[in-house]
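Grab a pencil and open the viewer. Below are some exercises on one protein chain, each with a solution that goes step by step.

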Amino acid sequence: MWQGSRYLMQIGTKIPDWTLVFGIFTSLAFALMIYFARNSLARAKSLDSAFAYMVYALARAVEAKEEETGNHILRVGEFCALIAQQLGMPRQFIDDIRVQAALHDIGKIQTPQEILTKPKPLTPEEWDVMKRHTTYGAVIVGDHERLALGRNIALTHHEKWDGSGYPCGLKGEAIPIEGQIIAIADQYDALRSRRPYKLAYDHQTACKIITEGDGRVMPAHFSPRVLKAFKTVEAEFAAIYDKLKDNNAAEEFKADFCPQNP
Ligand SMILES: [Fe+2]
Ligand SMILES: [Fe+2]
């Protein structure tokens with residue numbers, strides 16, 4: 001018999017002890033690894049959702065100033081994510097633009113209320129004031145790397161592919177892709193929604209205006225590849241708009257937080 005085997009038989013009671021210790025140790029280490037991995041994953045998820053919550057809270061503060069009680073910021077985020085997906089953008093970009101698109105009009109917090117809610121067309125001077133919400137927005141969002149997308153969106157969401165937009169008159173690919181995407185998403189939603197100075201259009205009319213133009217909105221305003229992506233997924237735009245139709249947020253809040261009358 002192999003000497004080693006005989007030796008093993010002689011000390012046979014010791015070998016299971018060490019095996020047991022080793023087994024317990026590795027199981028414990030494995031369990032701890034799973035515990036810490038799950039813990040840090042849960043913490044990362046919680047931080048992500050707190051981050052998104054704060055972005056929406058900030059955006060809603062501005063919507064309240066505009067006397068908007070709808071889901072505009074949520075719809076625009078979903079439209080942007082849909083186009084980004086159609087363009088084959090990375091997963092992280094799609095997730096980020098869905099949330100940070102909500103910051104596009106954050107600079108309106110510094111726009112006078114009477115201009116924001118004026119029921120008539122703005123004068124040229126009022127337009128100049130209104131246009132500043134883009135640069136104010138970029139300053140408010142700041143320069144944290146996690147909010148770089150939101151900052152670009154606030155700054156460039158009114159730039160136009162043909163260079164006729166504001167605040168910088170950027171042209172073509174000089175406009176960051178997030179600015180190109182939100183331009184069409186925000187435009188579609190603006191056309192579908194009632195404003196102090198206009199009625200809401202139906203889906204077909206909004207698409208016709210974007211793809212063929214109406215003198216005010218022109219296809220040349222949009223990036224050709226973003227416009228192409230929009231045409232491919234326009235039916236889903238309609239579905240998102242219907243799913244996230246405006247509601248009366250103030251009334252819902254009251255219903256949620258105020259005790260019901262007996
Ligand atoms: Fe804007
Ligand atoms: Fe908007």
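## Exercise 1: The overall fold

Task: work out which pattern the protein chain follows when read along the sequence.

Solution. Read along the sequence, the protein chain goes α-α-α-α-α-α-α-α-α-α-α-α. Keep in mind that this is a predicted model. Counting up the secondary structure gives 12 helices and 0 strands. Next, look at burial: of the chain's 262 residues, 29% count as buried. Last, check the contacts between residues at least 6 apart in sequence: 66% of these join residues at least 24 apart.

## Exercise 2: One side of α7

Task: find which residues of α7 are buried, and say what they pack against.

Solution. Start with the list: His-133, Thr-134, Gly-137, Ala-138 and Val-141 are the buried residues of α7. They span an arc of only 140° around the axis, so they sit on the same side of α7. Here's a handy bit of background: an α-helix has 3.6 residues a turn, so residues three or four places apart point the same way. Now for the neighbours: the buried residues of α7 pack against α6 (124-131) and α8. One more thing to spot is what comes after the helix: α7 is followed by Gly-142, which has a positive phi, near 80°.

## Exercise 3: How α7 meets α8

Task: decide how α7 is oriented relative to α8, and name the residues where the two helices meet.

Solution. First, get the geometry. Helix α7 (residues 133-141) and helix α8 (residues 148-156) pack at an angle of about 165°, and their axes are 7 Å apart. Angles over 145 degrees count as roughly antiparallel, so α7 is roughly antiparallel to α8. The crossing of α7 past α8 is right-handed.

Now list the partners:

- From α7 come Thr-134, Thr-135, Gly-137, Ala-138 and Val-141.
- From α8 come Gly-150, Arg-151, Ala-154 and Leu-155.

Sorted by class, this contact has 4 nonpolar, 4 polar and 1 charged residues.

## Exercise 4: α8 and its surroundings

Task: find how many residues of α8 are buried, then follow α8 to its contact with α9.

Solution. Begin with the count: 8 of the 9 residues in α8 are buried, leaving this helix mostly covered. The buried residues are Leu-149, Gly-150, Arg-151, Asn-152, Ile-153, Ala-154, Leu-155 and Thr-156. These pack against α4 (91-100), α7 and α9.

Now turn to helix α9 (residues 177-192): its axis and that of α8 come within 9 Å and cross at roughly 55°. That angle makes α8 and α9 oblique to each other. Their crossing is right-handed. On the α8 side you'll find Leu-149, Asn-152, Ile-153 and Thr-156, which meet Glu-178, Gly-179 and Ile-182 in α9. By class, that contact has 3 nonpolar, 3 polar and 1 charged residues.

The peptide bond from Tyr-166 to Pro-167 is cis, with omega near 10°.

## Exercise 5: α3 against α9

Task: describe how the axes of α3 and α9 cross, and sort the residues of their contact by class.

Solution. The axes of helix α3 (residues 72-86) and α9 come within 9 Å, crossing at roughly 135°. So α3 and α9 are oblique to each other. As for the handedness, α3 passes α9 in a right-handed crossing.

The contact looks like this:

| Helix | Residues |
|---|---|
| α3 | His-72, Arg-75, Val-76, Phe-79, Cys-80, Ile-83 and Ala-84 |
| α9 | Ile-181, Ile-182, Ile-184, Ala-185, Asp-186, Tyr-188 and Asp-189 |

Sort them and you get 10 nonpolar, 1 polar and 3 charged.

## Exercise 6: Zooming in on Ala-59

Task: is Ala-59 buried or exposed, and which residues does Ala-59 touch?

Solution. Locate Ala-59 in helix α2 (residues 14-65). Then count: 24 other C-beta atoms lie within 10 Å of Ala-59. The cut-off for a buried residue is 20 or more, so Ala-59 is buried. Leaving out residues up to four places away in sequence, Ala-59 touches Ile-73, Ala-102, Leu-103 and Ile-106. Finally, take Ile-73 from that list: Ala-59 and Ile-73 are 14 residues apart in sequence, and 7.5 Å apart in space from C-alpha to C-alpha.

Methods
Residues are numbered from 1 along each chain as its sequence is written. Chains are lettered from A and ligands numbered from 1 in the order in which they are written. This is a predicted model: local features need pLDDT of at least 70, side-chain atom pairs count only at pLDDT 80 or more; totals for chains, interfaces and linings use all residues. Axes are lines fitted to C-alpha atoms, for helices over the stretch in contact, and angles run from 0 to 180 degrees between N-to-C directions. Helices (H or I, at least four residues) and strands (E, at least two) are DSSP runs, numbered from the N terminus. Angles under 35 degrees count as roughly parallel, over 145 as roughly antiparallel, 65 to 115 as roughly perpendicular and the rest as oblique. A crossing is left-handed if the near helix is turned anticlockwise from the far one by less than a right angle, and right-handed if clockwise. Two residues are in contact if their C-beta atoms, placed from the backbone, lie within 7 Å. Ala, Val, Leu, Ile, Met, Phe, Trp, Tyr, Cys and Pro count as nonpolar, Asp, Glu, Lys and Arg as charged, and the others, Gly among them, as polar. A residue is buried if 20 or more other C-beta atoms lie within 10 Å of its own, exposed if 12 or fewer, and partly exposed in between; C-beta atoms are placed from the backbone. The arc is that of the directions from the helix axis to the C-beta atoms.
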